[in-house]
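Good morning, and thank you for coming.

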Amino acid sequence: MRWPRPGRRRPAPRARHDGTATAPRVLALIPAHNEAERIAAAIAALHRQERPPHRIVVVADNCTDETVESARANGATVIESQDNRHKKAGALNQALGRLLTGLDDTDLVLVQDADTVLQPSFLASAIAAMDSTVGAVGGIFYGERGGGLLGALQRIEFHRYAREIARREFRADVLTGTATLFRVGTLREVRRARLDGLIGGGTSYYSLASLTEDDEITKAVRTLGYRTVSPPGCGVVTEVMTSLPKLWHQRLRWQRGALENLRDYGWTRVTAPYIVRQAFMGLSVLFLALYLVFTGWMLARGRPQFTPFWIAVGLVFVAEKVVTAHGAGWKSQLLAGTLAVELAYDMFQHAVYVRSLWDMARGREEHWRAT
């Protein structure tokens, strides 16, 4: 189905009594489950914005620590979820259902994770990018310091993703859950589309059927005809996983959720590029496996053949790894240059992909879990 572009019917800005338009109000929502150690930093970063939000609301979801007290002490309003069994998406739906009634379609809602710190230019840059064709503006995320070798590998990965966003002229393929600014009117259209059965995922703003609600709402917004972007100035720093089990569960949820979202939406003009990328991911898994098998076979025969051509190809591959790790610092570039460590990290990612496909094929249910 070819959808009309909602930007053509964008509501007019709210008017004051003197007839002049007013700037949109910005509501910041921070869903949080036991984030007492991090919530203060997230709120402080919002207060430091070049264009601060008009209101900061922490959505405390089944918290058993001091999240509520810390949020209030740092100047935020707190809404506690009620009987929520749907994790982040359910908590956000409850809060949005209460808060959007007092906002106009042209007002804006920032949804950000409690473990994320926004750079001061985030909101000003996101608001400037919100033209009539844009439904939402996502952040460009970078990894926080720490985490040892595993943290360094994630920071390299995130920097490469930021380079890819810039190469695509700052088009956002995922409205990252770390931080995304929505127009209120767009959120209302998403909910109407769900109610009308045009897209799935329940009857509210965020899908309750998806393991990755940020990936799903990206496809919902783009299906309605809007562009999604991540412009310069919208950087955020977010948590990195500090152990392999945590990273495995996080990435398995991301990968499984992405695949299930594509299955649920099917082949459309919006999902086609995503499906093609997943297919290329499958090919990369296959080719790397064949390369390792072939290399092992040569070594087992005791006659490894390293011709000048293949040595040159390997050097080009190493150079690409080093150059694309530039933004993560010289230590990360040295790590990338070793190649072996990053090859192991790639194999880890491939294992996540294969496990996701296998679980889907068996119909094994995957549950959202906090990391």
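Residues are numbered from 1 along each chain as its sequence is written, and side-chain values use heavy atoms, with hydrogens and water left out.

The average pLDDT, the predictor's confidence in each residue from 0 to 100, is 90 for the protein, and 91% of the residues score at least 70. Over residues 1-20, however, the pLDDT is below 50. That stretch has 38 contacts in the model beyond near neighbours in sequence, a contact being heavy atoms within 4.5 Å. Where pLDDT is low, the predicted coordinates should not be read in detail.

Let me turn to helix α9, residues 272-301. Helices here are DSSP runs of H or I of at least four residues, and strands are runs of E of at least two, numbered from the N terminus. Just after α9, G302 adopts a positive phi of about 75°.

Which residues of α9 are buried? They are A272, Y274, Q278, V285, L288 and M298, where buried means under 20% relative accessible area, exposed over 50% and partly exposed in between, with a 1.4 Å probe and protein chains only. These buried residues pack against α7 (213-223), α8 (244-265) and α12 (340-362).

Two of those neighbours, α8 and α12, also meet: their axes come within 9 Å and cross at roughly 50°. Axes are lines fitted to C-alpha atoms, for helices over the stretch in contact, with angles from 0 to 180 degrees between N-to-C directions. Among the residues making this contact are W248 and R251 of α8 and F348 and Y353 of α12.

The axes of α8 and α9 are 10 Å apart, at an angle of about 130°. Their contact is made by Q255, A258, L259 and L262 of α8 with Y274, I275 and Q278 of α9.

Finally, H33 lies in the loop between β1 (26-32) and α1 (39-47). At 37% relative accessibility, H33 is partly exposed. Leaving aside residues up to four places away in sequence, H33 touches D61, N62 and C63.

Terms used: Predicted model: local features only at pLDDT ≥ 70, side-chain atom pairs only at ≥ 80, totals over all residues. Expected span 1.5 Å × (residues − 1).
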